[in-house]
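Hi there,

Here is the structure I promised to pass on to you. Please open it beside this email and follow along as you read.

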Amino acid sequence: GQESQIFSQYLAPLYARWQAELNYPQSEDVRKHGIAPYLTEEEFIGLLRHFALTTFRKAMVEKPSARLFLEKSPNSTPHVALISRCFPRARFIHMIRDGRDVATSMIVASRTWGRSWAPRRIEDAAKNWRESVHQAREAAKLSRDYTEVRYEDLLRNGVEELSRLYRFLGVSCSEAEASRIYDECRFENLARDRQSSVFKNRGAVAASGTAERKEPPGFFRRGQAGDWTQHFRRADVGVFNWISGDLLVELGYANG
């Protein structure tokens, strides 16, 4: 399935509205309308959980034998606290990639299919990456079920890294099976198979006005590590290091 954005675009705004209602100053000359008089905090969280589960179950019917459900979206990073509230048993896998490669990918996307959301300047891309990494790492403080994986390690040692992640999830996976999955999910294979296929939109009208859509041209780019060296000018390197260089050093992508 596609990224649902269920936390960033649906549940988070609802929860923010709920919190604003609870925190609104109460006085004799101020009145705030809302649903707080009718629900407790736990009842409200329960409604959010039900909303998410109802959506997820639509995807889960595609594979009834599945034991776990994976919800993947970079936009979930600011909402790890809400995710933990809704799903206390959630396990977090944080994929980290060299921020300069992330910036390159976003800036290139901003020129075509990502123009509605992707940053166009190195400064904004560097801030975006820095904030996202810090926000996602908050999950480590909220849950013991948190691990990190490097994009570059998946490219170099994919079978080993996949096996480690399956162990983290408590799912048995032989080396042969991990190897098969790794081969199927190589970037070049996904780019070939997914670019030519369509995904269905069950709504009455999809965003494109059709019931089926292909991924936009340029959606799959290179998937390489170190591609930023082909795109960054010397000034770009300086700007990125000024904003997020310390995090590059902390993560081992650059020398201090």
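Is Arg 100 buried or exposed? Arg 100 counts as buried, at 9% relative accessibility. Here buried means under 20% relative accessible area, exposed means over 50%, and partly exposed is in between (1.4 Å probe, protein chains only).

Before you go further, a word on the model and the numbering. This is a predicted model, in which local features need pLDDT of at least 70 and side-chain atom pairs count only at pLDDT 80 or more, while totals for chains, interfaces and linings use all residues. Residues are numbered from 1 along each chain as its sequence is written, and side-chain values use heavy atoms, with hydrogens and water left out.

**The whole chain**

The chain has 11 helices and four strands. Helices (H or I, at least four residues) and strands (E, at least two) are DSSP runs, numbered from the N terminus. Of the 256 residues in the chain, 33% are buried. The accessible surface comes to about 16,700 Å², and 52% of it belongs to carbon and sulfur atoms; such areas come from the Shrake-Rupley method with a 1.4 Å probe, and for residues only the protein chains shown count as cover. Among contacts (heavy atoms within 4.5 Å) with a separation of 6 or more, 63% are between residues 24 or more positions apart.

**Helix 2**

Phe 44, Ile 45, Leu 48, Ala 52 and Phe 56 are buried in helix 2. Seen down the axis, the buried residues fall within an arc of 105°, so they line one face of the helix; the arc is that of the directions from the helix axis to the C-beta atoms. An α-helix has 3.6 residues a turn, so residues three or four places apart point the same way. The buried residues of helix 2 pack against helix 1 (6-23) and helix 3 (80-86). On the other side of helix 2 you will find Glu 42, His 50 and Lys 58, which are exposed.

**Two residues to look up**

His 79 sits in the loop between helix 2 and helix 3 and is buried, at 18% relative accessibility. Leaving aside neighbours within four places in sequence, His 79 is in contact with Phe 7, Ser 8 and Ala 12.

Gln 5 belongs to the segment before helix 1. Most residues other than glycine have a negative phi. Gln 5 is not a glycine, yet its phi is positive, about 55°. Gln 5 is also buried, with a relative accessible area of 13%.

**Salt bridges**

Side chains of opposite charge can pair when their charged atoms come close. A salt bridge here is a side-chain nitrogen of Lys or Arg within 4 Å of a carboxyl oxygen of Asp or Glu, and by this rule the count is 19.

- Arg 100 pairs with Asp 98 at 2.8 Å, N to O, and Asp 98 is buried at 6% relative accessibility.
- Arg 17 and Glu 21 form a salt bridge at 3.7 Å, N to O. They are four residues apart in helix 1, about one helical turn. Arg 17 is partly exposed at 39%, whereas Glu 21 is buried at 8%.
- Arg 121 and Glu 123 meet at 3.9 Å, N to O.

Happy exploring!
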